[in-house]
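Here is a short briefing on the structure shown below.

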Amino acid sequence: VAGGLHAGPLSVELSSPDVGAVIRYTTDGSRPTAASAVYSDPIAAGGITVLRARAWVAGKMVSSTATQTYLIDIPATLPIISLVLDPPYLWSSSIGMYVKGSNGVKGCRGVANWHQSWERPGNIEFYEISGQNRINQEIGIELSGNCTRNFDQKSFELKARKLYGDNDMDYAFFAGDKPMTSYKRLILRNAGQDNGNALLRDAMAQELVRDRMDVDRQAYRPAVVYLNGAYWGLYDMREKMDEDFVENNYNLDEN
C-alpha cells in the first residue's frame with residue numbers, strides 16, 4: 001500500500017522480489033539495520049505511521065530504504081510534506097541538529113548544535129491537496145536561517161544530490177506561478193521573524209509584487225510538515241535564492 005492519505009484502518013504488507021529475503025522495518029523514522037524488527041505479518045497503520053523497510057539477501061548488498069508515511073483519517077486542505085530521518089540526527093546531544101546539544105558552534109544568541117551547518121540524509125514525500133504523491137526520494141536535510149534557528153519551529157533546506165540517488169526533485173512545485181519542473185534545492189521556511197505571529201508577511205510581500213514589478217522574488221506555497229510522523233506545523237515552501245535560482249528563473253546554462 002502506498003503512503004499518503006487513507007481512511008482507516010489500514011494493513012500494510014511488505015514484499016521483496018528476491019526469494020528468501022529477510023525484510024526488516026522501523027516505525028520511528030530510523031533507517032532499518034540488521035538489528036531492526038523482522039517483518040512477518042501485515043503491519044497495522046493508524047493515525048500517522050512512518051514505515052521504513054530494507055531487504056537482506058545472502059550474498060547481496062542490503063537494499064536501499066523504502067519509506068512511506070501513512071496519514072490515516074487526517075484532514076488535508078494544504079499540500080503535505082513528510083520529512084523522515086534517523087532520530088539521532090535531530091535529537092542527539094552530540095549529532096542532533098535540532099537541539100542545543102553538546103557539540104554546538106557560536107551563532108546568533110549563543111552556542112548550539114542548531115548553528116552547525118550539518119547536512120543529514122533523509123527522505124521527503126510530497127503530497128498534493130488531492131492526496132496524490134508527487135515526490136518520494138532520499139535527500140539531504142539541513143537547517144536554514146540565522147537567528148530564527150533559535151525558534152522551536154526551525155526552517156529546513158532540502159537538497160537533492162546524486163549522493164542520495166537523484167540530483168533533482170522532479171516536480172513543478174509552483175505550477176501556475178513559475179514554469180520550472182525540477183528543483184535541486186527547496187526551503188521550508190518558518191516564516192522568519194513572523195514566526196508565532198501571522199506566518200505570512202514575507203511571502204505576502206513578495207506575492208504583492210507578482211506581475212506588477214520587474215524584480216526577483218521567491219515562489220511560495222504554504223504546506224503542512226510532518227517530521228518523523230509528528231505534526232510540525234505550517235511552513236512556507238520557497239525557492240532557494242542561489243545559483244540554481246538564477247539558472248532556473250533566467251533560463252541560463254549552469255556554466
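A residue counts as buried when its relative accessible area is under 20%. Asp-194 is at 6% relative accessibility, so Asp-194 counts as buried. The model is a predicted one.

**Salt bridges**

- Asp-194 has a charged partner: its side chain meets that of Arg-201 in a salt bridge, at 2.4 Å from N to O.
- Arg-221 forms a salt bridge with Glu-128, and their closest N and O atoms are 2.9 Å apart.
- Arg-221 lies in strand β15, while Glu-128 sits in the loop between β11 and β12, so this pair ties together parts that are 93 residues apart in sequence.
- Both partners are buried: Arg-221 has a relative accessible area of 18%, and Glu-128 has one of 13%.
- Lys-159 and Glu-119 also meet through their side chains, with 3.6 Å from N to O.
- That pair links distant parts of the chain, with Lys-159 in strand β13 and Glu-119 in strand β11, 40 residues apart.
- Lys-159 is buried too, at 11% relative accessibility.
- Lys-159 and Glu-119 belong to a network with Glu-142 and Arg-161, joined by salt bridges that share partners.
- As a general point, side chains of opposite charge can pair when their charged atoms come close.

**Disulfide**

- Which cysteines does the disulfide join? The bond runs from Cys-108 to Cys-147, with 1.9 Å from S to S.
- The torsion about the S-S bond of Cys-108 and Cys-147 is about 90°, so the disulfide is right-handed.
- Cys-108 lies in the loop between β9 (105–107) and β10 (110–112), and Cys-147 in the loop between β12 (133–144) and β13 (155–159), so the pair ties together parts that are 39 residues apart in sequence.
- Cys-108 is buried, at a relative accessible area of 18%.

**Nonpolar cores**

- In soluble globular proteins, nonpolar side chains tend to be buried together.
- The largest nonpolar core here has 32 residues.
- Ile-81, Leu-83, Phe-156, Leu-158, Phe-173 and Leu-188 have the most contacts inside this core.
- Two or more residues each come from β8 (80–84), β11 (119–127), β12, β13, β14 (185–189), β15 (220–227) and β16 (230–239).
- β12 gives the largest share, 4 residues.
- What does Leu-188 touch, leaving aside its neighbours within four places in sequence? Its contacts are Ile-81, Leu-83, Ser-155, Phe-156, Leu-158, Val-225, Tyr-235, Asp-236 and Met-237.
- Another core, of 12 residues, lies apart from the largest one, and its members include Val-12, Leu-14, Ala-45 and Leu-51.

- β4 pairs with strand β3 (residues 22–26) in the antiparallel sense, over 2 bridges.
- Tyr-25 has Ala-37 of β4 as its bridge partner.

Methods. Residues numbered from 1 in each chain as written. Predicted model: local features only at pLDDT ≥ 70, side-chain atom pairs only at ≥ 80, totals over all residues. Heavy atoms only, no water. Disulfide = S-S within 2.5 Å. Buried < 20%, exposed > 50% of the residue type's maximum accessible area, 1.4 Å probe, protein only. Core = buried A, V, L, I, M, F, W, Y, C linked by side-chain atoms within 4.5 Å. Contact = heavy atoms within 4.5 Å. Salt bridge = Lys/Arg side-chain N within 4 Å of Asp/Glu carboxyl O. Pairing = 2+ DSSP bridges.
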